[in-house]
Amino acid sequence: MIYQQQARFPDGFLWGASTSAYQVEGAWDKDGKGPSVVDMLSHPPGTADFRVASDHYHRVEEDVALMAQMGLKAYRFSIAWSRVIPDGDGVVNPDGLAFYHRLIDALTRHGITPIVTLYHFDLPWALELKGGWLNRKTGEAFVRYARLLFSEYADKAPLWLTINEQNTMILHPGAIGVPADRALPDKRSLYQQNHHMMLAQAQIFALCHREFPGLRIGPAINTTSMYAESCRPEDAIAAHNWETLRCWSFMDVAVHGRYNALAWAYMRDRGLAPEMQPEDALILQQGNPDFIAINYYSTATIAASRGDGGDVAPRAGDQQIMLGEEGVYRPAENPWVGKTPYGWVVDPVGLRLTLRKVCERYGLPILISENGMGAPDKLEHDGTVNDDYRIAFLDAHIAQMRLAIADGVELMGYCPWAAIDVVSTHQGYAKRYGFIYVDRGEDDLKSLHRVRKRSFWWYKDLIAQNGNTD
Ligand code: BG6
């Protein structure tokens, strides 16, 4: 009964949790770290910035010990490029490298497998000043940076992710913020940036396999299945358009080394297709991933354009809120799913569907590199944080993962967002995701003391049973 049977999680399943460097570390200019684009963002008064974040840089041993107590088998984190190469492409900062040695060594001591993201939104500011990803040379610098990290950590970190949510950076460029004196890039530039990331990623896959054959590496795309609002054929086309443009077009280049035909036609017809150098087609085919990582939070529901100029939603969007595009797709409501207080669709069954689709398209193992529920957690007077809503959210998604495994999906692991509270890209510390609470407010740093939430104990128990809780 492929529709109902719950498989068991396999031995060695990577029960983990995620963070990213700039959202957790703090120490934004400490020990030689250079600034990154996120350090240049301005923050409205009363909202957290990234200077101290969760102060993980200074509490790394304590934090890893808590992760170990939770029973984590894996920890997915990113390396801050400008911590190890302050200007992105010049002199290496030994203190920066030493910090990640400390982190990886602490994980290894506790038997936690490191899963390292090379780049999670925080491009070195010096590279941004030279044109950022629009400059082809940024891609070359990224490849050199990747080689440095592989040579440094290959013998102790076996699993790597290239770029976190390339599709968020290209399709929702405002989602991570823009420095006050800069404008959002136009679409044409964004697709050119995308092309440069693709070229660099293919070269990194190739160099990783050629020079560091023990490592496994994959992309990490924010992946969201789209439902058609109705069985009207035009709605089905619109949902397919957006699912392809938003998700598959990114993964297809990573896996197949060529652009998705529909995505290319979309870009070509609108004058958005990237400029290709003669050697680019071959570069894209140089390397491919060993597995696919997905960040899954929500599904979305899509309707056909009404042709009335009203396809674009009149509100600011984030990475999970579909905005609409004239003539391409129009966001619609789904009466069958829930929503978080922040308007993100909650759809555990959609995770199973998404896993099936990724498996069917690419036939590769899958790692869930993010999934989670942001909420305004409250530290009670008795020192507890009772995040039962998060437990319910994660539990429902894990049940669907078991069904997906029964469907035939090869699932490597699950790394919910987040191991510990981090600065949310949009709502600072008002919106939290961690299993571990960090005692700080927006601009009031308080004690930064760590508190194990109820979900911490729940996840520990679940991991102890390898997720097979019945
Ligand atoms: C993912 C990002 O898209 O969503 C994370 O990779 C981010 O960096 C997470 O924090 C949750 O989003 P937000 O906006 O609620 O922090």
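**Ligand shell, active-site residue and core of a predicted chain**

The residues of the shell around the ligand comprise 11 polar, 4 charged and 1 nonpolar. The model is a predicted one. In it, 16 residues surround the ligand, and Gln319, Gly374, Ser424, Thr425 and His426 are the closest of them.

One residue carries an annotation. In an unreviewed entry, UniProt lists Glu370 for "active site". Glu370 is placed in strand β12, which covers residues 366-370. Glu370 counts as buried because it has 25 C-beta neighbours inside 10 Å, and 20 or more are required for that label. Setting aside neighbours within four places in sequence, the contacts of Glu370 are Ser18, Asn295, Cys415 and Trp417.

Trp417 also takes part in a cis peptide bond, which joins Trp417 to Ala418 with omega at about 20°. Ala418 is found in the loop between β13 (411-414) and β14 (436-438).

The next topic is the chain as a whole. The chain contains 14 helices and 15 strands. Its radius of gyration is 21 Å, close to the 23 Å that the globule rule gives for 470 residues, so the chain is as compact as a globular protein of that length. Along its principal axes, the C-alpha trace spans about 55 × 55 × 50 Å. Of the contacts in the chain with a separation of 6 or more, 77% are between residues 24 or more positions apart. Buried residues account for 50% of the 470 residues.

In soluble globular proteins, nonpolar side chains tend to be buried together. Here the largest nonpolar core has 138 residues, and the members that touch the most others are Tyr75, Ile79, Leu118, Met251, Ile302 and Ile366. Helix α9 (residues 233-256) supplies the largest share of this core, with 11 residues. Met251, one of the core members named above, is in contact with Pro219, Ile221, Ile292 and Tyr362, leaving aside its neighbours within four places in sequence.

Two backbone details remain. Phe121 has a positive phi, near 75°, although the residue is not a glycine. Phe121 is in the loop between β3 (113-119) and α5 (125-129), and is buried because 22 other C-beta atoms lie within 10 Å. Asn466 likewise is a residue other than glycine with a positive phi, in this case near 50°. Asn466 belongs to the segment after α14 (454-464). With 15 C-beta neighbours inside 10 Å, Asn466 counts as partly exposed.

Note on methods: Residues are numbered from 1 along each chain as its sequence is written. This is a predicted model: local features need pLDDT of at least 70, side-chain atom pairs count only at pLDDT 80 or more; totals for chains, interfaces and linings use all residues. UniProt positions are given in the numbering used here, feature names are shortened, and annotations may be inferred rather than shown by experiment. Helices (H or I, at least four residues) and strands (E, at least two) are DSSP runs, numbered from the N terminus. A residue is buried if 20 or more other C-beta atoms lie within 10 Å of its own, exposed if 12 or fewer, and partly exposed in between; C-beta atoms are placed from the backbone. Two residues are in contact if their C-beta atoms, placed from the backbone, lie within 7 Å. A residue is near a molecule or strand if its C-beta atom, placed from the backbone, lies within 6 Å of it. Ala, Val, Leu, Ile, Met, Phe, Trp, Tyr, Cys and Pro count as nonpolar, Asp, Glu, Lys and Arg as charged, and the others, Gly among them, as polar. The radius of gyration is taken over C-alpha atoms; the globule rule is 2.2 Å times the number of residues to the power 0.38. A nonpolar core is a set of buried Ala, Val, Leu, Ile, Met, Phe, Trp, Tyr and Cys residues joined through C-beta atoms within 7 Å.
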